[in-house]
Amino acid sequence: MKKVHAFFILGLMLAGCRVKDKVLPLDVWSQDCVELAPHENGYRLSGMCCSHLTLPQLNVNKKGIFITDGVYSSFTGAGFADTTLRVTGHMSEADSVLTIAYALDTLSIQKFRLKPGPRKKVCECFCD
């Protein structure tokens, strides 16, 4: 009986040692005019001219990679049009650079190398 009890406790301890995906910290990340900031239950990548990208909560695997679907909203002149896109990302080992990439079409790939902290510039786009 003592052996069964000992194995049960050992099993519980080992189950708690599993490596889990880490959730992206609720910090603000930026590159020039572009900023990734918490928004509702996820994030919003904003600062691109006449568009923004909404992302769910991001779970980064142990290799620092995430793949998720995001909603790209672009200004049409009469409002915003939404498109669902596949978004990939990579967090550097030291958590100092967050790379986010997505393709608007086969010729237009957007890639941002974000660093911790708010954006340092505001870009004028004149969308309206």
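**Core, strand pairing and ring pairs in a predicted model**

The largest nonpolar core has 20 residues. Leu36, Leu45, Leu53, Tyr102 and Leu114 have the most contacts inside this core. Such a core is a set of buried Ala, Val, Leu, Ile, Met, Phe, Trp, Tyr and Cys residues joined through side-chain atoms within 4.5 Å. Buried means under 20% relative accessible area, exposed over 50%, and partly exposed in between (1.4 Å probe, protein chains only). Two or more residues each come from β3 (34-39), β4 (42-48), β5 (51-55), β7 (65-75), β8 (80-91), β9 (98-103) and β10 (109-116). Strands are DSSP runs (E, at least two residues), numbered from the N terminus.

The model is predicted: local features need pLDDT of at least 70, side-chain atom pairs count only at pLDDT 80 or more, and totals for chains, interfaces and linings use all residues. Residues are numbered from 1 along each chain as its sequence is written, and side-chain values use heavy atoms, with hydrogens and water left out. The mean pLDDT (the predictor's confidence in each residue, from 0 to 100) of the protein chain is 82. A value of 70 or more is reached by 79% of the residues. Over residues 4-20 the pLDDT is below 50. Beyond near neighbours in sequence, this stretch has one contact (heavy atoms within 4.5 Å) in the model. Where pLDDT is low, the predicted coordinates should not be read in detail.

Leaving aside neighbours within four places in sequence, Leu53 is in contact with residues including Tyr43, Leu45, Val71, Leu85 and Tyr102.

Strands pair if DSSP finds at least two bridges between them. Strand β2 (residues 29-31) pairs with β3 in the antiparallel sense over three bridges. Ser30 has Glu35 in β3 as its bridge partner. Two residues lie between the strands of this β2 and β3 hairpin, where Asp32 takes a positive phi near 50°. β3 and β4 also run antiparallel, joined by five bridges. Here Pro38 stands opposite Tyr43 in β4. In the hairpin of β3 and β4, Glu40 takes a positive phi near 50°.

Three aromatic pairs are found in the whole structure. Rings of Phe, Tyr and Trp (its six-membered ring) pair if their centres lie within 6.5 Å; planes under 30 degrees apart count as stacked, over 60 as edge-to-face and the rest as tilted. Phe75 and Phe80 are edge-to-face, at 5.4 Å centre to centre and 65° between the planes. The Tyr102 and Phe112 ring centres are 6.4 Å apart with planes at 35°, so this pair is tilted. Tyr102 lies in strand β9 and Phe112 in strand β10, 10 residues apart. Both Tyr102 and Phe112 are buried. Ring pairs link these two residues and Tyr72 into a cluster.

Key:
Helix = DSSP H or I, 4+ residues; strand = E, 2+ residues; numbered from the N terminus.
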